Amino acid sequence: MLKVQGLCKSYATPQGALPVLRGIDLELATGQSLALMGESGSGKSTLLHLVAGLDRADAGRIEVDGRVLGDLHEGQLAAWRRGGIGLVFQQFNLIASLRVADNLALQARLAGRHDPHWQAELVERLGLAALLGRYPEQLSVGQQQRVALGRALAVRPPLLLADEPTGSLDERSAAEVLTLLLELLAGSSTSLLMVTHSASLAARLQRCLCLQGGRLLETA
Amino acid sequence: MRRLYWTLAALLSHWRRHPLQLFSVLAGLWLATSLWAGVQALNSQARDSYARASQLLGGAERYSLVARDGGWFAQQHFIELRRAGWPVSPLLQGRLRLHGQGEQRLQLIGIEPLTLPAGGALAGQPFERLELTAFLGRPGRSWIAAETLAELGLQAGAQPLSASGQRLPPLTVWPQLAPGVLLVDIGVAQRLLDAPGQVSRLLLPAAFARAAPPLPAALAAQLVLQRGDEGADLAQLTDSFHLNLSALGLLAFVVGLFIVHAAIGLALEQRRVLLRNLRTCGVSLRGLLVALVMELGALALLAGVAGLLSGYAVAAWLLPDVAASLRSLYGAEVAGRLSLAPHWWLGGLLVCLLGALLAGAGSLLRAARLPLLALAQPEAWQQAQARWLRRQGWLAALLGGVALFALLFGDSLALGFVLLAALLLGAALALPVGLNLLLEAWLPHCRTPLAQWFVADSRQQLPGLALALMALLLALAANIGVGSMTAGFRQTFSGWLDQRLAAELYLMPVDASQAAAIEAWLAGQPQVRALLPSWRVELQLQGWPAQLTGIRAQAHYREHWPLLSASAQAWQRLQRQQGLMLSEQLARRLDLQLGERLRLPTPSGAWELEVLGIYADYGNPRGHLLVEAAGLQRHWPGLAPRSFSLRLPAAEVPALIQALQEEFALDDSRVIDQAALKAWSGRVFERTFAATAALNSLTLGVAALALLISLLTLGQTRLSQLAPLWALGVGRTRLAWLSLGQTLLLAVLTLLLALPLGLLLAWCLVAVINVQAFGWRLPLQVFPGQLLQLFGLALLATLLAAAWPLWQLGRSTPAALLRSFADER
């Protein structure tokens with residue numbers, strides 16, 4: 001499903017180029033879940049952004065279902081983000097001026113894949129039924145994260161990218177959110193690539209990789 | 001389309017949650033369009049009237065024979081010329097007052113349609129289409145423009161009476177006739193104007209006139225061939241007037257765009273997260289920009305339509321004053337009712353769209369340039385502030401350089417306006433830089449922590465308030481500048497008028513024989529202490545219309561004709577026919593100094609005279625020259641006096657007027673006493689500046705609104721800055737007072753900086769713009785009372801603008817203040 005080969009990325013700093021990723025190789029099969037761990041600044045989010053088509057790599061290749069992201073132009077990358085992935089951030093990134101219902105449907109509508117039945121099911125399973133008319137600022141942190149999950153899944157993406165999705169939650173709420181996420185993904189063909197600091201959460205996914213010094217190490 | 005729809009829906013949802021910002025953008029665009037469109041409507045209406053005046057009798061190239069003194073002459077000359085084979089057609093023109101229409105005068109034109117030059121046109125229609133039978137038969141026709149008819153409140157077919165009780169032929173609407181004009185048969189005109197056997201000019205076919213045949217010897221001394229186009233002359237003369245109106249409209253437009261720019265910039269800052277979300281959800285950069293431009297366009301269209309409608313209302317409100325000014329100053333008739341062509345509406349909308357794009361261009365560019373991953377990371381305030389101030393500082397310095405260049409090397413009105421624009425914009429851009437420096441320098445001197453916070457927080461508010469303060473600075477400076485110029489002009493004009501209008505009575509005889517009779521009759525009136533006749537000749541000097549006046553240079557003129565500059569013994573030398581004097585505007589236009597010589601074209605060849613004096617001639621768009629009457633009569637033999645100025649005891653004036661009117665049947669327009677003339681001049685002056693004053697006040701209103709909007713939008717983000725102080729024990733009421741103090745501090749500093757800028761602007765207006773536009777320079781005068789009044793008004797506007805956000809702050813609940821901490825998570 002996802003195949004990353006020799007991926008390199010560095011950032012320009014006043015002291016010169018700072019390499020963050022030094023030749024990353026990674027494969028993720030359809031329906032598989034993978035946790036990405038590592039210290040702060042190790043390049044986890046950078047790797048996620050590159051796979052999401054939010055940024056361009058200096059070298060290497062990212063291939064998703066036969067498409068090489070490096071060969072896509074801006075418009076094609078935007079189309080890839082619309083229909084090819086679901087993105088969940090630690091800060092949720094909900095649109096403050098839209099109600100919960102519209103936030104949930106936004107990406108699916110942009111992709112032309114809005115399915116009211118699927119959205120209703122998501123609302124039901126995420127426990128958002130009573131919150132649909134509210135604005136994000138009127139929700140608790142946990143509720144906001146559930147809306148963000150719902151928005152990402154509403155498009156039924158082949159690949160779900162989650163950047164520390166439970167980073168703003170306490171341990172118990174984080175575990176509940178992950179349980180919910182895994183239940184929603186169970187039986188689907190959606191692959192999951194999740195960046196996390198939590199070893200206990202990482203252990204609940206099928207594979208776990210660690211980024212260190214710009215390279216990937218497989219953990220047990 | 002689907003993606004665009006949902007992208008637009010997400011973008012527009014921002015406005016639903018921030019209606020105040022939406023109001024700011026709409027109000028800014030609406031006000032900008034409104035004032036600009038209003039001024040353009042006035043200009044467009046006036047230009048349309050000039051064009052129709054130009055088309056009245058044949059269009060651009062029109063030749064006619066006129067009396068050398070510019071007055072009426074005997075119809076007999078027409079008969080003599082026709083007999084000599086000249087294809088002339090007589091025309092009589094004069095002012096007519098209708099019974100029951102107050103002081104309003106119409107321009108009455110009498111024509112003789114049978115002899116009109118073939119192939120010509122009347123008000124854009126071929127002569128051949130004239131309904132001759134109806135026009136020449138009884139009761140005839142009075143052709144009139146539809147809007148003039150409506151303005152008079154009369155119906156087609158009506159036969160109103162003239163002020164002297166003469167009945168007009170039935171009024172008939174003639175399409176495209178110039179406003180304020182009544183066109184009748186020449187016989188009717190002679191009856192209505194009480195000018196039997198008189199004509200104003202003899203029209204000639206262009207082809208015949210271009211061959212320039214010599215006039216019969218008997219008429220050569222009395223008539224002169226003139227090529228003229230009234231409309232084009234009016235357009236040329238009134239150009240400066242319209243340019244000044246446009247400049248004020250443009251200033252209001254710029255102030256309005258400042259509001260839009262501020263509101264759109266703030267909206268972009270608040271929508272960074274939204275933009276990032278849309279991009280991460282798969283909206284391409286191009287799609288996002290298209291949606292942003294469409295959103296801006298929709299807002300501009302909405303505000304533009306409202307702006308055009310209110311602009312129309314503003315124009316309709318100002319039109320009577322503008323029309324009266326143009327009539328009094330230039331003799332230009334402008335229709336008193338607005339009728340605007342579709343291109344005005346379309347042009348207005350286009351200007352609004354372009355203005356919105358201009359105001360939003362910076363934000364769109366920022367949205368386009370920001371990398372995707374940085375969209376949601378607001379820059380550190382200090383870093384952004386420093387870079388922003390540095391750029392503004394450089395731009396202000398650059399504009400200062402442009403202003404200096406225009407001042408040193410400018411020799412045209414256009415460069416005069418470049419000077420004004422560069423000066424105002426440069427000063428506006430320098431304002432936040434100056435305020436920041438002032439506050440930065442003040443900060444180390446603050447002793448208490450609250451004082452430190454007060455100054456530091458004022459500094460931090462600068463980016464949010466800068467545009468509103470800049471708008472306030474521009475509006476105040478414009479008010480000070482234009483106010484000082486107007487008040488200075490009023491004082492100078494009134495002093496000048498007192499000196500120049502020293503005679504108690506002014507007479508204008510109908511023709512030469514009446515002039516002679518009046519002169520003889522007045523010689524026998526013991527109460528008349530002095531009789532000062534003057535002779536007049538119309539000239540073209542380097543293409544500019546000028547009046548050459550001949551006087552008997554008696555002691556009266558020495559005492560009452562103030563000179564701006566004069567050679568030694570100027571009046572004595574004028575009396576000895578050794579030179580001439582001329583008006584300031586003509587001297588500037590011809591680039592003449594004292595001691596230089598000017599050649600005047602006369603029927604007997606060039607007449608060269610030395611410039612002995614230069615005098616002010618405010619309000620006269622034409623050039624004016626003064627020579628000794630004997631010299632004038634030598635070069636233009638047979639001239640009759642055009643007017644008489646009479647010195648007599650003021651108490652004797654009413655009786656003499658009555659006696660003159662009884663003896664010579666002179667109407668009110670030919671016998672004018674000093675008081676009436678001064679009152680009329682004063683009224684003309686006030687009406688001339690009424691539109692300017694109104695536009696000025698509206699601009700100040702727009703600036704106050706800009707300040708209100710900025711304070712309201714800032715108020716929404718102020719809570720998070722004030723909450724820490726509240727948590728530290730500063731009460732809400734005290735916080736509200738401190739906030740008011742901050743707003744007032746920034747406003748007062750802006751007011752203080754507006755003072756020198758306004759005075760500089762006043763100097764530019766009197767010493768640069770007036771000189772280039774009208775040809776006269778005024779002394780710069782400062783009126784402290786006026787400045788204090790303006791400062792009071794500006795402070796009141798600031799207080800009113802600050803009141804609502806402060807009232808909200810004072811009433812904010814502890815829960816709202818606590819939420820600002822929660823929001824920071």
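A residue is classed here as buried if 20 or more other C-beta atoms lie within 10 Å of its own, as exposed if 12 or fewer do, and as partly exposed in between, the C-beta atoms being placed from the backbone. The structure is a predicted model, in which local features need pLDDT of at least 70 and side-chain atom pairs count only at pLDDT 80 or more, whereas totals for chains, interfaces and linings use all residues. Residues are numbered from 1 along each chain as its sequence is written, and chains are lettered from A and ligands numbered from 1 in the order in which they are written.

Chain A has 220 residues, of which 46% count as buried, and its secondary structure comprises 7 helices and 10 strands, where helices (H or I, at least four residues) and strands (E, at least two) are DSSP runs numbered from the N terminus. In chain B, 43% of the 825 residues count as buried, and the secondary structure amounts to 25 helices and 22 strands. Two residues are taken to be in contact if their C-beta atoms, placed from the backbone, lie within 7 Å. Among contacts with a separation of 6 or more, residues 24 or more positions apart account for 72% in chain A and for 83% in chain B.

The contact between the chains draws on 22 residues from chain A and 21 residues from chain B. On the side of chain A that touches chain B, α2 (74-83) and α3 (100-111) each contribute at least two residues, and the largest share, 7 residues, belongs to α2(A). By class, this side of chain A consists of 10 nonpolar, 7 polar and 5 charged residues, with Ala, Val, Leu, Ile, Met, Phe, Trp, Tyr, Cys and Pro counted as nonpolar, Asp, Glu, Lys and Arg as charged, and the others, Gly among them, as polar.

A:Leu87 lies in strand β6 (residues 85-88) of chain A and counts as buried because it has 25 C-beta neighbours inside 10 Å. When neighbours within four places in sequence are left aside, A:Leu87 is in contact with A:Ala52, A:Ala152, A:Leu161 and B:Thr280. A:His49, which is 38 residues from A:Leu87 in sequence, is 9.7 Å from it in space, C-alpha to C-alpha.

Helix packing was examined in both chains, with axes taken as lines fitted to C-alpha atoms, for helices over the stretch in contact, and with angles running from 0 to 180 degrees between N-to-C directions. In chain A, helix α4 (residues 116-126) packs with α5(A) at an angle of about 155°, their axes being 10 Å apart. The two helices α4(A) and α5(A) are therefore roughly antiparallel to each other, in a scheme where angles under 35 degrees count as roughly parallel, over 145 as roughly antiparallel, 65 to 115 as roughly perpendicular and the rest as oblique. Their crossing is right-handed; a crossing is left-handed if the near helix is turned anticlockwise from the far one by less than a right angle, and right-handed if clockwise. A:Leu122, A:Val123 and A:Leu126 of α4(A) make this contact with A:Arg146, A:Leu149, A:Gly150 and A:Leu153 of α5(A), giving 5 nonpolar, 1 polar and 1 charged residues.

In chain B, helix α14 (residues 413-442) and helix α15 (residues 449-500) pack at an angle of about 150°, with axes 9 Å apart, and α14(B) and α15(B) are therefore also roughly antiparallel to each other. The crossing of α14(B) and α15(B) is right-handed. Residues of α14(B) in this contact include B:Leu424, B:Leu431 and B:Trp442, while those of α15(B) include B:Val455, B:Leu462 and B:Ala477; the contact divides into 16 nonpolar, 2 polar and 2 charged residues.

Helix α23 (residues 732-773) of chain B bends by about 35° at B:Leu765, the bend at a residue being the angle between axes fitted to the seven residues ending there and the seven starting there. B:Gly775, which follows α23(B), has a positive phi near 90°.

Most residues other than glycine have a negative phi. A:Arg156, although not a glycine, has a positive phi of about 50°; A:Arg156 is located in the loop between α5 (141-153) and β7 (159-163) of chain A and counts as partly exposed because it has 15 C-beta neighbours inside 10 Å. B:Asp591, likewise a residue other than glycine, has a positive phi near 55°. B:Asp591 occupies the loop between α19 (584-589) and β18 (597-602) of chain B, and is exposed, with 8 other C-beta atoms within 10 Å.
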